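Dear colleague,

I am passing on to you the structure that we spoke about, with its sequence, and below it I set out what was found. Please read it with the model open beside you.

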Amino acid sequence: MVSGCILEVLGYIGRIMSYHDPFNENGFLMQICCSTIAPAFLAAGIYLTLSRIVETFGPENSRIKPLSYPRIFIPCDILSLVLQALGGGMASAASHSNKSPDTGDHIMVTGLAFQVFTLLVFMILCTDFAVRTFKRMNRMGEAALDPTHKTLRGSMKFRLFLVALALSTICIFIRSVFRVVELGEGWNGALIKNQTLFIVLEGVMVIIAVLVLNLFHPGLCFREGYVRKPKATKQPGRRRFWQGKRNGKAGEKASPSPVGSDKA
């Protein structure tokens with residue numbers, strides 16, 4: 001999340017540089033590359049939380065194991081990030097050499113399209129998990145859920161976190177679809193020149209996604225429902241009993257034996 005926000009800030013710094021000097025190539029490439037790959041880091045944070053949610057409601061409600069979610073989606077997100085970074089670097093190098101950046105642009109769009117596909121599959125699996133959970137609850141009641149995390153499921157912060165996670169995922173998905181269409185038109189397309197659409201479908205979407213996940217941070221929302229077990233208190237009386245027992249044995253060894261005293 002922090003890495004994604006830093007890249008977003010760098011991207012908007014590039015936009016400010018382009019505003020003051022429209023022919024500043026470094027500012028233009030900074031905003032294109034940084035703002036394009038930033039949501040991939042935000043998506044990675046979202047993928048990690050699904051496994052914890054599955055464990056909270058019960059792995060029996062999921063088609064795949066909880067740990068399979070990050071093992072599937074995190075590598076896909078990394079691949080998407082590599083393609084976007086590679087395409088952005090190639091486009092930047094071509095622009096500095098006065099060559100066509102089309103090849104790098106196509107690779108960047110491929111990475112973005114793969115990110116959209118990954119997010120779409122993730123959203124489908126989330127929906128499937130929710131539907132399967134509700135169906136099992138209708139048939140089995142509370143027996144369909146993991147009793148270990150009953151307190152967590154009942155906490156208000158956890159429920160609000162689920163809403164925030166869904167909203168954040170949808171916002172990042174809308175933003176990614178927009179960037180695929182925008183960059184797919186090329187550097188001289190109509191969408192890349194439309195500042196209103198960029199602010200609404202790029203800036204506002206990312207702001208909402210980051211804001212709700214910070215307000216309902218998983219570290220705080222998951223901790224809300226856990227009940228801490230009280231620490232075991234020591235029993236001083238029992239301790240003194242064992243100390244007395246050990247002292248008694250030591251005293252018996254130190255005292256003279258009755259046989260020895262008769263001989264004396």
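This is a predicted model: local features need pLDDT of at least 70, side-chain atom pairs count only at pLDDT 80 or more; totals for chains, interfaces and linings use all residues.

Residues are numbered from 1 along each chain as its sequence is written, and side-chain values use heavy atoms, with hydrogens and water left out.

R179 lies in helix α6, helices (H or I, at least four residues) and strands (E, at least two) being DSSP runs numbered from the N terminus. With a relative accessible area of 1%, R179 is buried; the word buried means under 20% relative accessible area, exposed means over 50%, and partly exposed is in between, with a 1.4 Å probe and protein chains only. The side chain of R179 also makes a polar contact with the side chain of E182, at 2.5 Å. When neighbours within four places in sequence are left aside, R179 is in contact with I32, S35, T36, L112, G184, F198 and E202, contact meaning heavy atoms within 4.5 Å. From C-alpha to C-alpha, R179 and L201 are 8.7 Å apart in space, although 22 residues separate them in sequence.

Helix α6 also holds R175, which is buried at a relative accessible area of 0%. The side chain of R175 makes a polar contact of 2.9 Å with the side chain of E202, a residue of helix α7 (residues 195-215). E202 is likewise buried, with a relative accessible area of 0%. Apart from neighbours within four places in sequence, the contacts of E202 include E8, Y12 and S35 as well as R175 and R179, and those of R175 include S35, T36, P39 and L112.

**Aromatic pairs**

Seven aromatic pairs are found when the whole structure is searched, on the rule that rings of Phe, Tyr and Trp (its six-membered ring) pair if their centres lie within 6.5 Å, with planes under 30 degrees apart counted as stacked, over 60 as edge-to-face and the rest as tilted. The ring centres of F73 and F122 are 5.4 Å apart and their planes stand at 90°, so this pair is edge-to-face. Because F73 lies in helix α3 (residues 68-96) and F122 in helix α4 (residues 102-140), the pair ties together parts that are 49 residues apart in sequence. F73 counts as buried at 2% relative accessibility, and F122 counts as buried at 1%. Together with Y47, F73 and F122 form one aromatic cluster.

**The helices concerned**

The expected span of a helix is 1.5 Å times one less than its number of residues. For α4, with 39 residues, this should give 57 Å, and its end C-alpha atoms are 56 Å apart, which agrees.

**Pocket and cavity**

On a 1 Å grid over the protein atoms alone, a cavity is a set of points where a 1.4 Å probe fits but cannot get out, a pocket is an open set with protein on both sides within 12 Å along at least five of seven lines, and lining residues have an atom within 4 Å of a point. Grid points are joined across faces, edges and corners, and a volume is the space filled by probe spheres set on the points. The largest pocket has a volume of about 680 Å³ and is lined by 24 residues, of which I53, F57, F129, A130 and L162 lie nearest its centre. α4 gives the most to this lining, with nine residues.

The largest cavity holds about 30 Å³ of space, and its lining consists of N61, S62, R63, Y69, L125, D128 and F129.

**The chain as a whole**

The protein chain has 10 helices and zero strands, and 39% of its 264 residues count as buried.

With kind regards

Note on methods
A polar contact is a pair of N or O atoms within 3.5 Å; within protein, one must be able to donate a hydrogen and the other to accept it, and residues adjacent in sequence count only if both atoms are side-chain atoms.
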